[in-house]
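Subject: Structure for you to look at, with notes

Dear colleague,

Please find the structure below, with the sequence beside it.

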Amino acid sequence: VAMALATNRATGPQEINAELIGVPFIVAGIALGLDAVRREHPPARQRLLLVAAGLLVTVGPMVKQNLVDGIAFLVVLVAAQAWCGRWGIRRAVSSLGLLSVGVAVLPVLVAIWFVVDGPGLAVVWHTLFGFRVQAGQVISDGSLVAVGERMRKLPLLALSSGLVTVLLAGAWLLRRRLSHPVVLATGVALTIELVGVALGGSYWAHYLIALIPGAVLVVAATAAVVKRGVPMLLAVAFALTSTLVDTAGAVVGPAPAEQDLRDRAVTSWLQDAHLPGDTGLVTYGQAQVLEASGLRPGYAFLWSLPARTLDPDLHRLARDLHAPSGPDWVVVWLPVDTWGLDPHGLVAGELTRHYRQVATVCGVPIWLKSGEYRTLPPVPAGCTVTP
């Protein structure tokens, strides 16, 4: 199930994202925690497993703040052992303490590092939480047409991937086993995952990857406590079939989308045109173009949301374009006044004064800093050069 959901394009795994990075650590931590709780181990080994489990699941929220489902699962699992009478209170409290030690290790070490050799805790706090509040306000104040469209598509993507059928089959089969510690902990973790998706704000497809730990736990719990799980077998078969069909479609399907062709064309052209050490700016996003072409970032904010949140009047961008040390290349992927960001033409003015347009690749204007010269390669087939 993890393989199927993590490789189906409906859940957005074809592009790297925080969920893809954080979820494997969460699942690994849950596995160690289950091993510590469900099996008898020598005391020293059990203590080590609990600390290691807490350490691993903490990677989740340190990668993306809403990935706290692993921590919640382990806490509820241990507490439920006492609540169901399987453990004594003393053992449960001791185990929760060991989990807490594991959970605290990484944040404490990172905090010490940021105080001793980093920007300080205030900057870290703003980066992780303060910025999210500001960014949420920017999203809500802006156009919600694209967000609404993604929000409507997200349930359909979850259904087509098999995620919905797995969760519904599990809910039906486990409805009378809610007092079981593993089932109870799974329900809490899954609820947190669903709330995280709902409150995500932008509703990208890769939000669904955050539900993989819950889905895997639902399947595992069903296999462990339900004797006849035919609905779950059918649901898992559907998820596997969906991924196989999706993979086949990716291999023998239609030609790459226009967006992919433009990415490749612009990236290839810049690879041949730039000199080592050149810097670049892509408006407003598409940071993969910089990374793949070899250009170092020439502007602090690689994506539109940080720019719209932290440089809403584009004063910093205008200063960068004006400065002699500004980016060598400017790729106008989106018009500079997109989202009403440059209403008074501040950035447009700096661009025309200090840069010259040297090419148009697949409809994307590319500008080079005035006074700098490069050997310009031919535009890839299907594109035209604008001197």
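**Two backbone details**

Tyr 203 lies in the loop between helix 9 (181-198) and helix 10, where helices (H or I, at least four residues) and strands (E, at least two) are DSSP runs numbered from the N terminus. The phi angle of Tyr 203 is near 60 degrees, a positive value in a residue other than glycine. Please bear in mind that this is a predicted model, in which local features need pLDDT of at least 70 and side-chain atom pairs count only at pLDDT 80 or more, while totals for chains, interfaces and linings use all residues. Residues are numbered from 1 along each chain as its sequence is written, and side-chain values use heavy atoms, with hydrogens and water left out.

The other detail concerns Thr 283 and Tyr 284, which are joined by a cis peptide bond with omega at about -25 degrees; Tyr 284 lies in the loop between strand 1 and helix 13 (287-293).

**Helix packing**

Two packed helices are described by the angle between their axes and the distance between the axes. Here the axes are lines fitted to C-alpha atoms, for helices over the stretch in contact, and angles run from 0 to 180 degrees between N-to-C directions.

Helix 2 and helix 4 (residues 69-83) pack at about 10 degrees with their axes 9 Å apart, and they are therefore roughly parallel to each other (angles under 35 degrees count as roughly parallel, over 145 as roughly antiparallel, 65 to 115 as roughly perpendicular and the rest as oblique). Their contact, meaning heavy atoms within 4.5 Å, includes Gly 29, Gly 33 and Val 37 of helix 2 and Asp 69, Phe 73 and Gln 81 of helix 4. By class it holds eight nonpolar, four polar and one charged residue, where Ala, Val, Leu, Ile, Met, Phe, Trp, Tyr, Cys and Pro count as nonpolar, Asp, Glu, Lys and Arg as charged, and the others, Gly among them, as polar.

Helix 2 (residues 18-38) also meets helix 10 (residues 212-225), the axes coming within 9 Å and crossing at roughly 35 degrees. On the helix 2 side the contact is made by Val 23, Ile 26, Val 27, Ile 30 and Leu 34, and on the helix 10 side by Ile 212, Pro 213 and Leu 217; these are eight nonpolar residues, with no polar and no charged ones.

The axes of helix 3 and helix 5 come within 7 Å and cross at roughly 45 degrees, and the two helices are therefore oblique to each other.

**A pocket and a cavity**

On a 1 Å grid over the protein atoms alone, a cavity is a set of points where a 1.4 Å probe fits but cannot get out, and a pocket is an open set with protein on both sides within 12 Å along at least five of seven lines; lining residues have an atom within 4 Å of a point.

The second largest pocket is lined by 16 residues, of which Met 62, Val 110, Val 124, Leu 128 and Phe 129 lie nearest its centre. Helix 3 (43-63), helix 5 (89-117) and helix 6 (121-141) each give two or more residues to this lining, and helix 6 gives the most, with six. The lining has 13 nonpolar, three polar and no charged residues.

For the largest cavity, the lining includes Gly 280, Gly 285, Tyr 299 and Phe 301. Strand 1 (residues 279-282) gives the most to that lining, with three residues, and the lining divides into six nonpolar, three polar and no charged residues.

With best wishes
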